[in-house]
Amino acid sequence: MLWGKKVIALCLSRINDEVNYDYIMNLNKFFEERDWRLFVYATCTDLYWNTPEDKGESAVFSLINYDVTDAVIIMDEKIKSREIIESVRTRCEKHNIPVIFAGGIEPNYRSLEFDFEEGFALVIRHVMEYHGVTDLHMIAGIKGNEFSESRINIFKRELEKKGLSFSEDMVSYGDFWSVPTEKAVNKLIEENRLPKAFICANDTMAITVCGVLADHNIRVPDDVLVTGFDGIEAIKFSVPKITSCLCSYEDLARETANVLDRIFDGFDGPVREMITPRVVISESCGCHCAEPINTSLYLNDVNDRFYRFQEDSYAFNNISTRIQMCRSIEEVAKSFNKSQYFYNMVCVLKPECIDETVNPLSVCTKDFSDDELFMLFNTDYSNAFEPYYFKSSEMFTGIDAVINKKVPLIFFALNFLENPLGFVCFHFNNFDMANYSKMPQTINAMSTAIGSYRNMRYQHYLNTRIEEMYKSDALTGLYNRHGFIKEYDRLLEEGTDGLTVILADLDGLKNINDTYGHGEGDVAIRTVALALKACCPEDAVCARFGGDEMIAVINGECSGDIRGDIGRYLESYTASSGKPYKVSASVGIYRAAPEETGDFKEILKKSDKLMYMDKAKKKIKDGK
């Protein structure tokens, strides 16, 4: 429970299908009467192919919070992946949460199923008993298909009930589609075997039969009756309108709520409710259409949705392009919040999606078990919202206002390059079909935008790293000559009142190399570099300019005894390192006036001269 309200989770795919929309709308209606709350966990595809992309978007089901969920409904006819279904069911059993399978056949569990066999039988009985027609021909689906063979058997059974014999030539196969159906009907007409009624295994074939008969000037229903099955939307607009059988998702939703009532009242036994589809009586069998349809209004709505889809696609493409060019996640959040195309929703990302150093192609967890998540944007607070991190255990904190709206919370996983990026939660204020139709389009656009942004930031990170590697010396960690020149140019562009240039050269490198090996020579070079870096100000530009020659440039005058500091650093190192050789360096320091800074070669030459003067003094001092 959440804030004293029972929470029911619904798992399904293709939320934009009208039957799924109808089920959610009616389910929420019956739940609202009981003061329950509906959380929908959805995927854009039915997960049939079990591709890596499917695994990415199926991560949405890991969002189900079993600590607050009172029951789970799985529409297993809509989710084609048995692996996913079993995963959710197993977790429910582990947390002792009741599961209902809606719309599919699960004989070992609580299930609500449409009685397709009885529905198809009702259509046949209507033709034979109400219209008195017994000269029937069936247009079946695919030969050997489970659903097609089942409906053929029902056809046989209903004929036998009337004392009529069945023969194989009473069945043709339309493969559930139009072209094979056309061939089958034309063949019957050519062979002069036209029946008084066609019983079709689905509506698409029934509409096709009517079209073929019309081409031959055979009138429906005056000359031949035609029936379909499934109750698809198109039967309302065909000529004539098709008599069919409708699987009512309002009935399914009502029975779902009733079964949950029994479960919450303590019933713990198996449930198998068979819901009989409704016969849709219409013109193709000779009956009057009881439900007049405003065709122009419907077509206007379809046309509006079609053009909105095109406009939205163009807008989403522009948004995606803009987000890819963002330089920070805060810019991404502002772009989403400012767009009129994103409303009644929140977006949460996995923490690795915020870190631009993480390779987007690397394998990440396929769920949302992260302890920490990132709230990218919340359209309810578009004017003042700032992105923030939060604990996954706090996911529902602060959404009590949304819960009290009594609308479904609809969750989708954002998915890009097989990996879940995060999730989106929609909470629309009403049941506008346009919003439900647009959800997959919105999710795909956001996934592409955020995934591409992540790729761009990772490329920027790699370019920065490559640039750092290109301008840095691997041995000393200082700038190399190329990197130094770029930094020197930057100093000049920013402006300077003069420069202090320090040149340090390792003493006796050849002797160290010849006596102790080049590995020790490298140690000595690195030590001089560290000494130069440590003894110069933090903003000094330090570089390895040659084999054993280091340079530092300081903006402006530099106080202090840098030469002495470097000498003391190296003396301390020699004393404590245990090395059999002494590390020392000759240092030249030149202070260049502002007018000299444009000629770096000349400055370097003067610094080099001072450095060699220091080296010569040491040789005199050492008597060499």
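Me: Contact means heavy atoms within 4.5 Å. By that rule, which residues does Y23 touch, not counting residues up to four places away in sequence?

Reply: Y23 touches L10, I73, M75, A102, Y249, L252, A253 and T256. This is a predicted model: local features need pLDDT of at least 70, side-chain atom pairs need 80 or more, and totals for chains, interfaces and linings use all residues. Numbering starts from 1 along each chain as its sequence is written, and side-chain values use heavy atoms, without hydrogens or water.

Me: Which residues touch the most other members of the largest nonpolar core?

Reply: L10, Y23, F336, L376 and F411 do, in a core of 104 residues. Helix α12 gives the most to this core, with nine residues. A second, separate core has 42 residues, including L136, I152, V171 and F176. A core here joins buried Ala, Val, Leu, Ile, Met, Phe, Trp, Tyr and Cys through side-chain atoms within 4.5 Å.

Me: Why does F176 count as buried?

Reply: Buried means under 20% relative accessible area (exposed is over 50%, partly exposed in between; 1.4 Å probe, protein chains only). F176 has 18% relative accessibility, so F176 counts as buried. F176 lies in the loop between β7 (171-173) and α6 (178-190). Its phi is positive, about 65°, although F176 is not a glycine.

Me: Why does N344 count as buried?

Reply: The relative accessibility of N344 is 15%, so N344 counts as buried. N344 sits in the loop between α10 and β13 (345-349). Its phi is also positive, near 50°, and N344 is a residue other than glycine. Most residues other than glycine have a negative phi.

Me: Why are α10 and α12 called roughly antiparallel?

Reply: Helix α10 (residues 329-338) and helix α12 (residues 433-471) pack at about 160°, with axes 11 Å apart. Angles over 145 degrees count as roughly antiparallel (under 35 roughly parallel, 65 to 115 roughly perpendicular, the rest oblique). The pair is therefore roughly antiparallel.

Me: What makes up the contact of α10 with α12?

Reply: I329, V332 and F336 in α10 meet M446, A449, I450 and Y453 in α12. The contact residues divide into seven nonpolar, no polar and no charged.

Me: Where are P221 and P240?

Reply: P221 is in the loop between α7 (203-215) and β9 (225-227). The V220 to P221 peptide bond is cis, with omega near 10°. P240 is in the loop between β9 and β10 (244-246). V239 and P240 are also joined by a cis bond, with omega about -5°. Most peptide bonds are trans.

Terms used. Axes fitted to C-alpha atoms, helices over the stretch in contact; angles between N-to-C directions. Helix = DSSP H or I, 4+ residues; strand = E, 2+ residues; numbered from the N terminus. Nonpolar A, V, L, I, M, F, W, Y, C, P; charged D, E, K, R; others polar.
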